[in-house]
Amino acid sequence: MFAHQKALRRISEVEPSADAATCRALLADIKRLRAYLDRQSAHITGLASRTVRNNGEADTAEMIRNATGCTAGEAKRKATTAEQLGSMDSTGDALGDGHITGDHADALAALRAGADDAMRDALARDEAQLVEAAKTDTPEQFRRRLAQWRQTNSADDGINEHEKQRARTRLTLTKGSDGMGLIRGELDPESFEAVTRAIGNVANEIFHGTNTDTRPDLHHNNPKLMAEALIELCRRGSGATAADGRRARPTVIVSMTHDALLGRLHPDGHTTT
């Protein structure tokens with residue numbers, strides 16, 4: 001078993017004159033310590049999750065974010081891992097001993113969280129084997145391995161994958177104690193593309209109007225601009241006044257056949273009445 005206290009002492013007492021071999025060994029110690037801390041973090045998160053509702057927090061992810069200051073995405077990953085590790089002994093043990101990293105454990109936990117009952121049974125059967133592979137795979141290699149494993153063990157070979165993704169589509173709106181609102185959601189690929197395109201189009205309009213001297217393709221990396229675009233899009237949809245005082249522009253869609261359109265045109269190109 002990995003001696004965590006001894007490893008921490010070795011790291012804290014490293015000499016400025018340490019040679020390359022010593023530094024490599026200490027880096028390996030740090031890797032294993034991080035994995036151990038990830039395992040303890042998941043365990044403590046599971047204990048603390050019992051107090052979420054009592055503290056007025058929406059879920060475990062919000063509790064993690066409040067306690068650690070991490071991003072919403074990272075908090076969600078940590079919450080998922082903490083929830084799933086209770087049913088994944090091989091993964092938890094390997095993580096605690098530093099044989100796999102937190103990234104490996106997150107990938108396995110995410111797989112189990114999104115699996116149906118049949119796939120969870122298959123994962124319970126193959127977990128130890130997958131963990132053994134994770135010991136030598138990089139996180140990127142391991143995620144590809146899990147994708148292949150999932151395809152192999154999918155009952156419908158992916159035929160109904162789109163329907164499964166649509167079933168997982170969700171959106172929650174939470175108002176914080178300071179009045180700020182938090183939007184969380186998960187969309188299937190097709191819906192995500194539609195939402196991204198709509199917000200991106202409005203963001204482009206705002207971007208060009210306020211940042212004409214800046215490259216227009218940078219707006220996707222501007223969270224504030226994307227939020228403003230979403231707000232503007234919602235105002236337009238409800239017919240409300242835009243943020244700059246202008247009336248939101250309506251969108252009118254007219255459907256007709258090509259023949260009907262031509263039949264109502266004069267030779268000079270004007271429509272009949």
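Predicted model: local features only at pLDDT ≥ 70, side-chain atom pairs only at ≥ 80, totals over all residues.
**Helices α8 and α6**

What covers the buried residues of helix α8 includes α6 and α7. The buried residues of α8 are P139, F142, L146 and W149. Because these residues cover an arc of only 75° around the axis, they are on the same side of α8. The face turned away from that buried side carries the exposed residues R144, Q148, Q151 and T152.

Helix α6, which runs over residues 102–113, has among its buried residues G102, H104, A105 and A107, together with L108, A109, L111 and R112. Several helices take part in covering these buried residues, including α2 (20–48), α4 (72–85), α5 (89–96), α7 (117–134) and α8 (139–153).

| Helix | Residues | End-to-end C-alpha distance | Expected span |
|---|---|---|---|
| α6 | 12 residues | 16 Å | 16 Å |

**A134 in helix α7**

Which residues does A134 touch, leaving aside its neighbours within four places in sequence? A134, which has its place in helix α7, is in contact with I100, H104 and F142. Although A134 and I100 are 34 residues apart in sequence, their C-alpha atoms are 6.3 Å apart in space. A134 counts as buried because its relative accessibility is 1%, and the cut-off for buried is under 20%.

**The hairpin of β1 and β2**

Strand β1 (residues 170–175) and strand β2 (residues 181–186) pair in the antiparallel sense, over six bridges. The two strands form a hairpin with five residues between them, and in the turn G179 has a positive phi of about 90°. Strand β1 is hardly covered, since the count of buried residues among its six residues is zero.

R184 is the bridge partner of T172. Not counting residues up to four places away in sequence, R184 touches R170, L171, T172 and T174, and it also touches A58, D59, E62 and R65.

Note on methods. Residues numbered from 1 in each chain as written. Heavy atoms only, no water. Helix = DSSP H or I, 4+ residues; strand = E, 2+ residues; numbered from the N terminus. Expected span 1.5 Å × (residues − 1). Buried < 20%, exposed > 50% of the residue type's maximum accessible area, 1.4 Å probe, protein only. Contact = heavy atoms within 4.5 Å. Pairing = 2+ DSSP bridges. Arc of directions from axis to C-beta.
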